[in-house]
2 protein chains.
Amino acid sequence: MNKLLIVGSVAFDAIESPFGKTGKILGGAGMYIGFSASFFKVKSAVVSVVGEDFPQEYLDLFTERNIDISALEVVKGGKTFFWSGRYHNDLNSRDTLVTELNTLADFKPVVPENFKDAEVVMLGNLHPLVQISVLDQMTVKPKLVVLDTMNFWMDCALPELKEVIKRVDVITVNDEEARQLTGEYSLVKAAAKIQEMGPKFVVIKKGEHGALLFNDKQIFFAPALPLEEVFDPTGAGDTFAGGFAGYIAQSENISFENMKNAIIYGSNMASFCVEKFGPERMINLTKEEVLDRLQQFRALTQFDIALENE
Amino acid sequence: MNKLLIVGSVAFDAIESPFGKTGKILGGAGMYIGFSASFFKVKSAVVSVVGEDFPQEYLDLFTERNIDISALEVVKGGKTFFWSGRYHNDLNSRDTLVTELNTLADFKPVVPENFKDAEVVMLGNLHPLVQISVLDQMTVKPKLVVLDTMNFWMDCALPELKEVIKRVDVITVNDEEARQLTGEYSLVKAAAKIQEMGPKFVVIKKGEHGALLFNDKQIFFAPALPLEEVFDPTGAGDTFAGGFAGYIAQSENISFENMKNAIIYGSNMASFCVEKFGPERMINLTKEEVLDRLQQFRALTQFDIALENE
């Protein structure tokens, strides 16, 4: 079984949406990525940090999913990273109400010995220097390194971000971030510019409008599943990345053709994430539901135009 | 060969976009639908009205495409409908600068005798009473009636619009119009409500974000082709409708499976329309280019997840 090394925040979130409000619940990119990837046949570890206030029951959710948390550092007397946000009515935009970095402020990731040869590395959204530090600790060159990042690092750590972008095979950003990073409005042009920065594969996430995968002149598109209700978009992008990386790690195939499947699986996992607050839906999700929904993605996108009509 | 009856405006447009500005050029929903449908093996007629100022060379563009214009009335001393608009920087929104209804104000559509038994009727965006009048003139019930409309009629002729909606098989609206018509934000819920109003098939156009087709519990999605440059979105929705109706009329098959293909063809045709100002690209388009682009749509959307991964 292939190894998937994940680095990303494990956190407390408090979320307000038009549908309600949570107290402090489990959050963090590393958590969403890990939970999503756990639906695939991979051996995964999450490198992260939390405080002493982080409950054992949350740690148990990782181990129940066979996620190695030997490198999930619990800082004595420390407090866990806390983020709070409020979504607007259309759920496409949000205001950050609180960001308390806490233990994440001094996070020095330590890759476990037995994951220094992981086939796939998933760098969740964190300071680019933390992401670089993880890559520097690998003793065997990974088959695939996937980077997720966001506009915040483009604003305040662009040179470091460009360093890590140089060293990855796949980058995932949303449409606005792709535009900000390149100064190009057209996503086709933006993806071409990002490829010049290093990554052979560029994934542009458009939220409810789906995701695009670019490689050279090739483009693939996966729609988001049209849902009756979108409840809470928190973690959808991370869950997408976890499904993508988990599927790639399981299938040991980094061709463009197989990445199409990975994008579909990423969209599949994300479609569940948004159905409840925080990770609630992911926690109760079954493999059967994932496979059923894969059929829905097929029905949604596959067509067969007969040759006699051409 | 099946008959396709089209009703829709034939007009002068003047367009401003971030890429430039046109003088008075050929425009109108009926023109875009007709030109798009002319790429399919159908016998089509456009029912419309223009003024004496409408140049012969524009009329020739219809006849060169084998579009019957015996019911394209030229009003002596009349002036042709004129619309002028300016697109904003993102091309997703626009301001109307001028609307001169002219001959369109008193338009009484007359369906040609030999099209009163047309298999497919495409009701382009016009006053709902004009659309109803066309349906009332049919002597044989069409196999499929497709309706395109817009928010303007929801604002000022809603009861009449609801009458025509009751009588059609397929409706095409954009996402905002679907929301306005139903009061539902979720497009899945909006499509369900529109189906209750009459049409078995609901097409929701999302511009650069593609199009959704709904029928009962089934959903199909066609992306817009990601383009390096979108030049002018004028007529893209009509061109989509023309490709949809043209393909359906050619293939004589109104199953959901075949409508998937029609949606793909509609998106295919629309992807050309936006590449130049007005109908310029459609006028110079070849059948070979359409078929080439169909391969791009296949590559963009088709995937093959092997069973062993499930």
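UniProt, in an unreviewed entry, lists residues 5-280 of chain A as "domain: Carbohydrate kinase PfkB"; positions follow the numbering used here, feature names are shortened, and such annotations may be inferred rather than shown by experiment. The structure is a predicted model, in which local features need pLDDT of at least 70 and side-chain atom pairs count only at pLDDT 80 or more, while totals for chains, interfaces and linings use all residues. Residues are numbered from 1 along each chain as its sequence is written, chains are lettered from A in the order in which they are written, and side-chain values use heavy atoms, without hydrogens and water. Residues 5-280 of chain A are 35% helix and 26% strand (DSSP runs, H or I of at least four residues for helices and E of at least two for strands, numbered from the N terminus). The end C-alpha atoms of this span lie 23 Å apart.

Chain A is superposed on chain B by a rotation of 180 degrees with 0.0 Å of shift along its axis, at an RMSD of 0.0 Å (least squares on C-alpha atoms of residues with pLDDT of at least 70 in both copies). The two copies are thus related as by a two-fold rotation axis.

Contact (heavy atoms within 4.5 Å) joins 40 residues of chain A to 40 residues of chain B. Across this interface the rule finds 2 salt bridges, a salt bridge being a side-chain nitrogen of Lys or Arg within 4 Å of a carboxyl oxygen of Asp or Glu. One of them pairs K189(B) with E229(A), at 2.8 Å from N to O. Among the elements of chain A that each supply at least two residues to the side touching chain B are helix 7 (187-197) and strand 15 (218-222). Helix 11 of chain A gives the most, with 8 residues.
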